[in-house]
Amino acid sequence: MRNVCATSPTNCRADGSSRSVATDLDGDGLTDVTVASTIVVNGDGSRTTTQTATNRNSTLRNKTITLLSTDGNTTTVQTDADGDGNYESTNIDAEVLNLDGSITETVTNKDVNGVVTSKSVSTWSADGKTRAI
């Protein structure tokens with residue numbers, strides 16, 4: 001994996017837990033958008049990644065929070081696409097290893113009110129060659 005901290009105009013923590021990237025979108029020499037990303041290892045071993053984009057005037061442009069479960073089998077992504085402080089969408093992707101070695105994956109999408117807007121369940125065979133939806 002490429003070390004972004006060594007090759008881009010960024011500010012990074014030595015342990016890799018956070019970085020920020022300033023971008024000049026229109027070439028006028030001023031920072032238009034700053035994207036900051038932090039990774040926190042929670043007490044239970046799960047990980048929370050927060051990525052926030054702010055405009056030149058420090059207003060929120062967008063924000064995404066990703067939670068990876070301790071076992072790595074469930075990922076929850078909340079997205080505030082317009083910076084208004086509301087998470088317009090939540091995506092939950094959960095995988096379960098079945099006794100026969102197959103994997104069942106459930107993907108659930110929710111809107112700003114927590115209402116399920118779509119859900120899919122897929123099962124992969126133990127050898128990974130067959131998928132049932």
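Ser46 is buried, because its relative accessible area is 6% and buried means under 20%. The model described here is a predicted one. Ser46 sits in the loop that runs between strand E3 (33–41) and strand E4 (47–55).

The surroundings of Ser46 can be listed. Leaving aside residues up to four places away in sequence, Ser46 touches Val40, Val41, Leu67, Leu68, Ser69 and Thr70. The side chain of Ser46 also makes a polar contact with the side chain of Asp44, at 2.6 Å.

**Salt bridges**

Side chains of opposite charge can pair when their charged atoms come close. In this model the count comes to two salt bridges. Which side chain does Arg56 meet in a salt bridge at 3.3 Å, N to O? The partner is the side chain of Asp28. Arg56 lies in the loop between E4 and strand E5 (60–68), and Asp28 lies in the loop between strand E2 (18–23) and E3, so this pair ties together parts that are 28 residues apart in sequence.

The side chain of Arg56 also meets the side chain of Asp32 in a salt bridge, with an N to O distance of 2.4 Å. This pair too links distant parts of the chain: Arg56 is in the loop between E4 and E5, while Asp32 is in the loop between E2 and E3, 24 residues apart. Salt bridges that share partners join Asp28, Asp32 and Arg56 into one network.

| Residue | Relative accessibility | Class |
|---|---|---|
| Asp28 | 41% | partly exposed |
| Asp32 | 12% | buried |
| Arg56 | 45% | partly exposed |

Asp32 counts as buried because its relative accessibility is 12%, and buried means under 20%.

Is Leu97 buried or exposed? Leu97 counts as exposed because its relative accessibility is 62%, and exposed means over 50%. Leu97 is placed in strand E7, which covers residues 89–97. Together with Ile103 and Trp124, Leu97 makes a nonpolar surface patch of about 270 Å².

Terms used
Residues numbered from 1 in each chain as written. Predicted model: local features only at pLDDT ≥ 70, side-chain atom pairs only at ≥ 80, totals over all residues. Heavy atoms only, no water. Patch = residues over 30% accessible without salt bridge, like charges linked within 9 Å, V, L, I, M, F, W, Y side chains within 5 Å. Areas by Shrake-Rupley, 256 points an atom, 1.4 Å probe, with all protein chains shown as cover. Salt bridge = Lys/Arg side-chain N within 4 Å of Asp/Glu carboxyl O. Helix = DSSP H or I, 4+ residues; strand = E, 2+ residues; numbered from the N terminus. Buried < 20%, exposed > 50% of the residue type's maximum accessible area, 1.4 Å probe, protein only. Polar contact = N/O pair within 3.5 Å; in protein donor to acceptor, adjacent residues only side chain to side chain. Contact = heavy atoms within 4.5 Å.
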